[in-house]
Structure formats: C-alpha cells, structure tokens
Amino acid sequence: MRATLPRLALFVLCLLQSAVLLAAPAVTVNIEGISGELLTNAQQWLTIYQQREHPLLTEGRIDRLFNKADQEIENALQPYGYYRPHIEKSLIHKSGEQWVATYRIEPGEPLRIATLDWRIDGDAVDDKVFQKLWGTFPLHEGNILNQALYEQSKHDLLKLANERGYFDAEFTTARITIDLKSYSADVVLHFNSGRRYLFGDTELNQDVLDDGLLHRYLSYHKGDPYDIDKLLDLQQGLMGSDYFESVELQPQSPNHTTGSVPVVVNMTPRKRNRYTLAFGYGTDTGPRGKLGWAVPRVNRRGHRFESEYSASGIGNSLNLRYRIPIRDPRREEIIFNGGLANTRLETSESRIATVGASLLQVQGPWQETLSLNYHNEVYTIANVERHTILVMPGISVSRHISSRYVLVDQGLLLNGEVRGGAKGALSDINFFQGKIHVKGITSLGEKQRLITRGTFGGTNTDNFDRLPASLRFYTGGAQTVRGYRYQSLGPTDSQGNVIGGKYLLIGSAEYERRINQDWSWALFIDGGNAMNDLSTPLKQGAGIGVRWQTPVGPLRFDIAWAISEPGNPKRPHISIGPDL
C-alpha cells in the first residue's frame, strides 16, 4: 500500500499536467500586406509567431508578445530598406482558448542608396573573373538598400578570392551609413585582394601507375595562378579514369614566403578485376543477358582491357577491347578491338569476325574516332548465302549535351559516321557509306517534353549483292518505326523477302507528360523506311505509351499502330535505356 500511494500521486500529477497543456491557449497569427522575403523575415522576428503553439503559453504572455510585435516588425523590414512602416494590429479572443493576432503592414517608402563607393585593390584588379563579378554586383546608386544583398556580395567576394588564390584578401572598409533625415544610405565597400598565390608542387600519392601518366591529368603547371576549378578538374579526371576508387585533394596552407600553394592528392586504387552481369528484355531482341570482365589497370602505363559477352533471342556476340592512353589520357586513346557475332533475324542471318584499331579524341563536347577495321562476314539473305571481306577505314563524330542522365528536360545527341572499302585495298567490293542520327529533347513546361529524332543513311557501291547484311539498311522496331517488326521494313526481292536497302530515312516526334516523379505517358508518331530509291513512300506508325523511370533510364511500354498497313495492325514495344 505504501508503495502504491506514491505511484498513484505521480499518475494524478501527470494527468493534471496533461490537462493544463491541453488547455493552453493557441494563437493564430495573420500577417497581411507583405510577401516573399519580407514576410519570411517578419515571421522569423515575431516572437508571437514563433511561440504561437507553445504548450506553456498563457493569456498574459500572449498580450505581452502582441504588444512588442511593432518593434519586431520594424526590425524585420529594415534590412530590406523599409524604415517607415505603418502597422495596424488587432488581437481577438475566440471561443475557448483560441486567439487571433492580425498585423496589417504598409511597408512605406523604401530607403535608397545615395552613394556607392566600391573599389577593388590588389592583383584582382586585372582578374577578368572579378571584373565579371563587378558587372553583376546587385547594389547600385538609386537602388533600394538591401542589406541581405550587401552581406551576400561580401560573402561572394571572399569566396571567389579564396577559390582563385587570393588568400590574403580582406575588406579594408565595409560600411553602411543610414541618414533617416534625408532618408538615404551611403555604402562604402573597399576590398583588397592582396597578391594571387601560385600552384606549388603537386604530390600524387599512389603506387599503381607511373607518375608520368598521372601528371598528364593535371590541367595546370607549377607556377600557374591558383584556381580551385583546375583542382576540381583534376579530381574529376582521375575519378573518370576508372583507375581509382577515390581521389582526395588536399591543398596545403599557403607558403607566404614563396607565394605558392602545395597540393597533395591521395588516391585509392580500384580492384584489379571487375565483373558485370545484366539481364533484360526488349521486343526487338527478346530476353537478353550480358556478362562482362574488365581490367581497368593492366599495367603501370594505364592500359585497360575490356571484354563482353552478350546473348539474346536474335543472336550472341563476344567483343574484346584493349585501350592505351596517349598524350592527354582523358581525351585521347588508341583502342585495339576484336569480336565475333552471330545474328539470326527474320530477314537475314550473319556470322561476323572483326579486328581493328581506332584513335579516339575528345574535343570539348565533341568526340571523334578514326578507325581501320577488318570485317569478315558470312551472311544469308533470301536463302542465298554469301561471303564478303572488307577492310574499312572510317571516321565518326558525336556530340552529347544533356541537362542530366535521367528526366532530361533539355538535350541533344548527334552522331555521324562515314566508312568505305576498295577492291584495290584488300576489300571484295567498292563501297562508301554515310549515316547521321540526331535526337533532341525540349522542355515544354514543368512536366512536359517534346522528343524528336531523325536518321539518314546512304550507300554507294558497285556490287550491292556482295554488301554484307550488317551494312545494309533495314528499319522497324522499338527504336525506329514503331508498329512494325524489328528490321522488317526495306526493299524486297521477287519472292517478297526483305533484302535491305541502300538508303535509310527515319523521323519521329513524341510528346511526353509526367504523371509523377516516376511515371509519365506519351503520344508519338514515327515515319521511315529503308529503300533503294529516295522517292519510296515512308511507312508510318503512331501510338501511346507509358514510361517508368529507373536508374538506367526510362522503361518504355508502347502500343503502336502501323497506320500505313491495311487494317492498321497494332504491336507492343518494350525498351529500356537513357533518353540520350
């Protein structure tokens, strides 16, 4: 009994305290007449707004907080240049413990800048980046005094100075003088950048690659002006090399005697071998799988080896690549390649063996590849088997611009290539072929996109019958003209067998609207054909689809009608991959 009484008393006290808390007054605070930053700052300054649901709020405290609000509102508006506000307020006691506090605010005439004395001294005077910042400085004579912009400008100056190596930078004068009689302000901002420090020695800490190779990743030299963007470019380049699991940059403290900044780069190597396994499905290929083995770092010179075996409902292939970085290893490499492929389509069958070499060069957003390939293909078209050997020099260029990897709202993909062969240069036939593909994505608003694409290809040869199946043009399928079977469109022989054509022409327009972050629906129309005569009519397909966003790009479910065919037969299409 003695043990029970204290517990009972504690329980009763808790009930009483809960009743008090539940009965505590609550205040609804209405602020009228201002919006945006003014409203947000007023809410942060107003104690009655911040404590409007405090459990210990009492009637007396509500009255005190209500009366002190005038000064708090004035303090909230002054940083934005409003020093003469007119405030009307009311406090109404609703039923029970509910109160409503209303503040009607007329900000009044804003205080403006009468004079602005802005000056930069030191090495930054001749720095074009600082000159550009001055061109966008948000405060000018005659403007409303905005102390938030003033403080942000000071922060931006110091941040830029630190990023560009002005480590002694300081404000020699930073002052705002407000005269309420003339209702104006004088702003003085004097900034001395001091000297600009230079890059010192760069220490590359790793033990798996030659230092000579890694130094070619540097976008600066010892003695160049310090610039943090060049360090970030170095980090991005090393991470993109695929040699390292992590890259940590450590700029050291500036040496005030030498005026330099040493840099230490710590790198953690990737594992020597990497394996990949993937499965998927597409209406063009059926079930498919891929097995990969790569050695990102074959030796200390940074050579790479890649291999990939793919199998699907239409065939299988094995591809091998050996990459050697040269000169600028981020933008130039020599690639030796070889491969075997077996393809079984309704229109053709082929067995291909290739071996070759290429030079890959990247220039800004452009990528250029010069190649020379040996191509040996045994193929069957319309039940006729042939064998053709080609030695093909070629060149391809591509440009890829995208706002992001998934949910792209603005982007462009451009691919172009030419290749050929000659009887006098170890090929069985003379031929020349070119192809260009363009795809663009344009935003039509927050949730809408327009996706367009076009492809044109052409071939000139003195013996089309000996042109391998893999070099002839076909179309139809999920990635070209929807509503038709994969590669079912093209010229036919006298028996109606599709044998491929010399030319290819495809165009498509798709409207897509997002339902939520992961799902969207689409309307589309496609047109195209493979042909031997450019006057051949194009086949058309149109339909609807849904899109589901995945980490590797949207999964597309389409239903398309072949509107150029009698009865407009429909066909489903499934595909997955990035937008560009």
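**Labels and cut-offs**

Author: Start with Phe524, which is in contact with Arg482, Ala509, Glu510, Gly541, Ala542, Gly543, Ile544, Gly545, Asp558, Ile559 and Ala560, leaving aside neighbours within four places in sequence. Contact means heavy atoms within 4.5 Å. This is a predicted model: local features need pLDDT of at least 70, side-chain atom pairs count only at pLDDT 80 or more, and totals for chains, interfaces and linings use all residues. Residues are numbered from 1 along each chain as its sequence is written, and side-chain values use heavy atoms, with hydrogens and water left out.

Reader: Why is Phe524 called buried?

Author: Its relative accessible area is 5%. Buried means under 20%, exposed over 50%, and partly exposed in between (1.4 Å probe, protein chains only). Phe524 is therefore buried. The residue is found in strand S22, residues 519–531. Helices (H or I, at least four residues) and strands (E, at least two) are DSSP runs, numbered from the N terminus.

Reader: How far apart are the C-alpha atoms of Phe524 and Ile73?

Author: They are separated by 55 Å, and the two residues are 451 residues apart along the chain.

Reader: What makes Ser307 buried?

Author: Its relative accessible area is 13%, so Ser307 is buried. Ser307 lies in strand S12. It touches Leu291, Gly292, Trp293, Asn319 and Leu320, not counting residues up to four places away in sequence.

Reader: What makes Arg482 and Glu510 a salt bridge?

Author: The N to O distance between their side chains is 3.1 Å. A salt bridge is a side-chain nitrogen of Lys or Arg within 4 Å of a carboxyl oxygen of Asp or Glu. The pair links distant parts of the chain, 28 residues apart: Arg482 is in the loop between strand S20 (448–461) and strand S21 (503–514), Glu510 in strand S21. Both Arg482 and Glu510 are buried. Salt bridges with shared partners join Arg453, Arg482, Glu510, Asp526, Arg547 and Asp558 into one network.

Reader: How many salt bridges does a search of the whole structure find?

Author: It finds 35. One of them joins Glu32 and Arg104, with the closest N and O atoms 3.4 Å apart. Glu32 is in strand S1 (residues 26–32) and Arg104 in strand S3 (residues 98–106), 72 residues apart.

Reader: Are Glu32 and Arg104 buried, exposed or partly exposed?

Author: Glu32 has a relative accessible area of 36%, so it is partly exposed. Arg104 has 38%, so it is partly exposed too.

Reader: What does the Glu245 and Arg270 salt bridge tie together?

Author: The closest N and O atoms of Glu245 and Arg270 are 3.4 Å apart. Glu245 lies in strand S8 (residues 244–251) and Arg270 in the loop between strand S9 (260–269) and strand S10 (274–282), so the pair ties together parts 25 residues apart in sequence. Glu245, at 46% relative accessibility, counts as partly exposed. Arg270, at 23%, also counts as partly exposed.

Reader: Which classes make up the lining of the second largest pocket?

Author: The lining has six nonpolar, eight polar and 10 charged residues. Ala, Val, Leu, Ile, Met, Phe, Trp, Tyr, Cys and Pro count as nonpolar, Asp, Glu, Lys and Arg as charged, and the others, Gly among them, as polar.
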